[in-house]
Amino acid sequence: MKKYVYSFKEGSAEMKDLLGGKGANLAEMNNIGLPVPYGFTITTEACNKYYEKGNKLWESLKIEIDEKIKELEEVSGKKLGSKTNPLLVSVRSGAKFSMPGMMDTVLNLGLNNETVDALSKSTNNESFAYDSYRRLIQMFGDVVMNIEKRKFDEIYERITKKNNKKEDVEIEGSDLKEIVIEFKKLYKKETGNEFPVDPKEQLLLATKAVFNSWNTERAIIYRRMNNISDKLGTAVNIQAMVFGNLGEDCGTGVAFTRNPATGEKKLYGEFLINAQGEDVVAGIRTPINIEKLKEINIDIYKQFAQYAELLENHYKDMQDIEFTIEKNKLYILQTRNGKRTTAAALKIAVEMVSEDKIKKQEALMRVEASQLDQLLHPTFDDNLLKQTKAIAKGLPASPGASSGKVYFTAADVVEASKMGEKVILVRQETSPEDIEGMIKAKGILTSRGGMTSHAAVVARGMGKCCVAGCETIKVNETLRHFSIDGKTYKEGSYISIDGSTGNIYEGIIPTIEPKISEEFSIFMTWADGTRKLKIRANADTPKDATKALELGAEGIGLCRTEHMFFQEERIPAVREMILAENAEQRKAALEKILPMQKEDFIGIYKTMRERPITIRLLDPPLHEFLPTDEKSLKNLSKEMKIEYDKLKIRVEDLKEMNPMLGHRGCRLAITYIEIAEMQTKAIIEAAIQIKKEDGIEVNPEIMIPLIGLPEELTYIKDIITKVADKLIKESGTNLEYLFGTMIEIPRACIVADDIAKDAEFFSFGTNDLTQMTYGFSRDDAGKIIEEYLDKKIFEKDPFQSIDQKGVGALMKMAIERGKQQRPDISLGICGEHGGEPASIEFCHEIGLDYVSCSPFRVPVARLAAAQAVFKDDCKEY
Ligand code: PEP
Ligand code: MG
């Protein structure tokens, strides 16, 4: 019979699929001899079966659980429900990948009116026993029964206030007994049932709640954002309790073996004396730095440091460790590879190679390619910062800098960002319900919680700037304002937050581009030494080209010339060209554009020098260059001295029902050959000039968009080569250029062999290719795609990550047929997919020569291309 429950001694670190990350690591730690409270894990397969059975726990699973409880009772010497020596357990979720959107923990299961007295007697600590009991009812009520946590908090505050208790430490057993009674009343009122007294019933209900939490909206959003499959399921870990809240010789904390924000090799963490686990993470009390543990108990500190080192060496990665001290005895409750900023990930990866802990290849797999652009986030301008006084300071929880309007609820952030506002989410503390607001916000500020609080951990994962635990600000979420020293900042006020220093400023502070660290350069050199794909950038200006080079681009894969046409001083000439009534007039207008266009190319050539540059001829429909509203049309008619009615008719003429499928791409060059001629002239003359004046040998690659018929390409090639060859001949140089095409219409893939007769290169325009393969309008499909993702018709948005089955098959066909015709044909991609790691891996597999993406994604592409080379070898990382 299939086994669904494993005790810790039966598991190991390799069993993450089955036991989840937490369960596998607990088993591993138990087996290497660390002091882990014993327990067992219900598998992820059980979770999937639970759903198959219509959200029910089945009998044989319950029997397996019973057997493991017996084993746990034997190991711990305690008994579940015992009136003399009760066993208490925690129930915690644990998927293969840690997931903040899910139910996390219920502690102290096993307590009821009888066992609480036994606990009180055995510990000789009534307030501890009743505090544990009220926590159980609260956590169980909150996470298992969905009773709003706030309602428990209100009771707690009401009773402690009534009894005149200011600090946690003043609260006594009698207060807590009263709280327990009120909590139970609340529980009954909210659920219609008494709080369950049977420990086994508590345990099974908590197990069901963990399984159910796998499919909450929050968890689904998180999985989608992180590309985690919905099919994995979560495991449930049941573990004997140890107590950090039994007195001053107890405590609990979380520590990283290295600094998760910077990567510095130094124990980094925080703890609370006389507290239970969730107090640290939930940010209810602000914790103490782990360094202080040296002063409080040097032996425990040393022991912890030794375990931390052992765990890091064992897992060969930075660890995030939860621990509890019960009566001066240290227990390790969890270890996992620590979440870190990308800057820290790079530093740790590079240093672990020099410490001989891992190989370069492993180091390259340790940094998530899609996150590399985090390093490229702006920071506040130092000079301006010196003149600006911070209004408050919190913990530097996640680096980066941002300014925006403050909003106090996730829903308000989502609304405001829909209106195009830049928003800072300000809250006392965040919780998984805030996830959508956190995604949309430019930065996050909380008044409570430490470096391991929800806000800090989630923001770091997202690469979003965050200041946490800023206690000087008083946040009132209901009234939607916060105050600092009596000054109130209402919803909509502007602030700036610096996630690298923790400083908060009033108003907006301009930001500057980030500098690149030494580790970044070393790391990227390893990536470059590994990858087979070349990396180019999509860049239309010398400024973009400079940025692209700085970030490691080896060429330009797409220079969209229409962007040059949109510049303010050019638009009149462009409009003149569009509104011309005959070829003569059009030529005259184009003559005005020519020198400007030539200057553009000279600028880009000078920046890129001998590197390859692909220049695409004009692509968008011409109406995009004309105004549509009456007022602008009237102005234009005056400026251009064209009668208003005539102008209106011309604009109407250019209108199309489906412009994306209309008069654009190569169809423009065929209709208005003068445009293609002018652009060719600018491209070639600029290259000749650069060659003569600066000795720079540029071999421009002239690219034609939206080809569907080989005949289109032949027709245009004839026009272009005539112009180009004549200019080259007259210049007396031997300038060489390439002629090629984008592949972005499905028909082009099918007739790629014929197209390759004329094309010396193909560049896949996967934006259009996706649009036309699916028949989804690029401009309008957003809402449909959202719906498809929600309904699981799509796993990923095909405009972000290549649809390998459909669009990918067309690409493969084009490559195969293109190569048959022209074996040395150059192959690249310049759609948005060129900067997306999974698509890059696919491009590597199908044998493209390069990918081209926006400049800021170039480092992402460099790393993703390297990872593609050995993705199969070390999937574990
Ligand atoms: C494409 O279609 O993929 C492409 C790069 O061209 P554009 O996005 O300019 O249509
Ligand atoms: Mg296109």
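Which protein donors does the magnesium ion (ligand 2) have, and how far from it do they lie?

**Entry 1: ground rules.** I am working with a predicted model, where local features need pLDDT of at least 70, side-chain atom pairs count only at pLDDT 80 or more, and totals for chains, interfaces and linings use all residues. Residues are numbered from 1 along each chain as its sequence is written, chains are lettered from A and ligands numbered from 1 in the order in which they are written, and side-chain values use heavy atoms, with hydrogens and water left out.

**Entry 2: the metal.** I looked up the magnesium ion and found Glu744 (OE) and Asp768 (OD) as its protein donors, 2.1 to 2.2 Å away. The pair links distant parts of the chain, 24 residues apart: glutamate 744 sits in the loop between strand E28 (738-743) and helix H29 (746-750), and aspartate 768 sits in helix H31. Donors here are N, O and S atoms within 2.8 Å of the metal (3.2 Å for Na, K and Ca), and sites may look incomplete because water is not among the atoms. Helices (H or I, at least four residues) and strands (E, at least two) are DSSP runs, numbered from the N terminus.

I then checked burial. Glutamate 744 counts as buried because its relative accessibility is 2%, and aspartate 768 is buried with a relative accessible area of 2%. Buried means under 20% relative accessible area (1.4 Å probe, protein chains only).

**Entry 3: ligand 1.** I listed 14 residues around ligand 1, with Arg560, Glu744, Gly765, Asn767 and Arg778 coming nearest; a residue is near if one of its heavy atoms lies within 4 Å. The shell divides into three nonpolar, four polar and seven charged residues, where Asp, Glu, Lys and Arg count as charged, Ala, Val, Leu, Ile, Met, Phe, Trp, Tyr, Cys and Pro as nonpolar, and the others, Gly among them, as polar. Strand E25 (556-560) and helix H31 (766-774) each supply at least two shell residues, and H31 gives the most, with three.

Next came the polar contacts (pairs of N or O atoms within 3.5 Å). Glutamate 744 turns up again: a polar side-chain atom of this residue lies 2.9 Å from an oxygen atom of ligand 1. Threonine 766 has a polar backbone atom 3.0 Å from a ligand 1 oxygen. For aspartate 768, a backbone N or O atom is 2.9 Å from an oxygen atom of ligand 1. Taken alone, ligand 1 exposes 290 Å², and the protein buries 96% of that; the areas come from the Shrake-Rupley method with a 1.4 Å probe.

Methods: A polar contact is a pair of N or O atoms within 3.5 Å; within protein, one must be able to donate a hydrogen and the other to accept it, and residues adjacent in sequence count only if both atoms are side-chain atoms. Buried means under 20% relative accessible area, exposed over 50%, partly exposed in between (1.4 Å probe, protein chains only).
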